[in-house]
Amino acid sequence: MTFPSRSLGLLLGLASFVFATAASARPFRVNDIPNGTKYGCLNCHGDTKASYNTDFGSDARLYLVGAVPVQEQNVNWAALCPLDSDRDGWTNGLELGDPDCAWTKGDADPKGFVYNPGDPDVHPPPVCGSGKLEAGEACDGDLFLVNDCAEAGAGEGQLACTDDCKLDLSQCSEPPGSVPDLSGDGNTTQPGTCAAAPGSARSLGGMGAMIGMLVAAAVMRRKRR
């Protein structure tokens with residue numbers, strides 16, 4: 001099936017318009033979220049050209065409201081607030097200063113620190129003891145990023161969590177700083193001790209004794225002559 005060139009041009013123009021409409025940023029939507037002007041369009045887009053959406057931007061597109069064309073619709077903050085779009089352990093509301101999701105459009109922006117809900121590397125500092133794993137924590141109470149010592153690269157045993165939410169590997173069979181026993185005789189060389197390695201005083205002493213025996217043997221042969 002062939003299309004007249006005029007019709008084809010019309011279709012291509014319509015497709016370009018639709019694509020541009022879907023991809024372009026909507027600056028008015030920064031006012032649909034609390035502290036939206038802090039990061040502007042970078043809340044929803046990965047660059048200033050709006051080339052692609054962040055995870056927050058993708059979620060925001062799922063919660064557009066209004067009986068108008070989609071490009072004119074607003075973001076439903078109440079539905080977007082409790083989500084953790086960038087999966088960094090903090091809800092969108094916590095990152096934008098509205099932890100209780102009480103803000104509505106037209107309210108003054110909440111005070112305090114604000115973080116980009118579309119960037120997993122930009123988030124509040126972790127709160128050790130909160131009872132949940134947050135970005136930057138290896139553990140928190142009974143919650144761990146890894147299941148056991150083996151996954152932590154420390155042999156076998158049970159993990160524990162320190163008061164500052166770091167892994168306690170003291171009960172592991174190969175905690176950091178230990179040297180695994182590779183001999184099979186059950187002996188391990190502890191850090192700071194010396195084995196009779198080539199070049200050590202012990203190995204050089206043995207070599208000196210052997211040389212002395214060879215010299216003595218040579219002297220005896222000469223006397224026999």
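Which cysteine does a disulfide join to Cys 139? I looked it up: the partner is Cys 161, with 2.1 Å from S to S.

**Ground rules.** I noted that this is a predicted model, where local features need pLDDT of at least 70, side-chain atom pairs count only at pLDDT 80 or more, and totals for chains, interfaces and linings use all residues. Residues are numbered from 1 along each chain as its sequence is written, and side-chain values use heavy atoms, with hydrogens and water left out.

**Entry 1, the disulfide count.** I reminded myself that a disulfide is a covalent bond between the sulfur atoms of two cysteines. The cut-off for calling one is a pair of cysteine sulfur atoms within 2.5 Å. Searching the whole structure, I got four disulfides. Counting bonded cysteines along the chain, I wrote down the pattern 1-2, 3-7, 4-6, 5-8.

I went back to my opening pair. Cys 139 sits in strand β3 and Cys 161 in strand β5 (residues 160-161), so the bond ties together parts that are 22 residues apart in sequence. For the record, strands (E, at least two residues) and helices (H or I, at least four) are DSSP runs, numbered from the N terminus. Then I checked accessibility, where buried means under 20% relative accessible area, exposed over 50%, and partly exposed in between (1.4 Å probe, protein chains only). Cys 139 is buried because its relative accessible area is 0%, while Cys 161 counts as partly exposed at 23%.

Cys 81 comes out as buried because its relative accessibility is 0%. Cys 101, at 30%, counts as partly exposed.

With -75° about the S-S bond, the link is left-handed. Cys 149 lies in the loop between β4 (143-144) and β5, and Cys 172 in the loop between β6 (167-168) and α5 (201-224), so parts 23 residues apart in sequence are tied together. Both Cys 149 and Cys 172 are buried.

Cys 44 is in no disulfide either. I also saw that Cys 41 counts as partly exposed, at 28% relative accessibility.

I found Asp 140 in strand β3 (residues 139-140). Asp 140 is buried yet has no salt bridge, and the nearest side chain of opposite charge, Lys 132, is 9.2 Å away. A salt bridge would need a side-chain nitrogen of Lys or Arg within 4 Å of a carboxyl oxygen of Asp or Glu. On charge, Lys and Arg count as positive and Asp and Glu as negative, with His and the chain ends not counted. Leaving aside neighbours within four places in sequence, I listed its contacts (heavy atoms within 4.5 Å), among them Val 127, Lys 132, Cys 161 and Cys 165.
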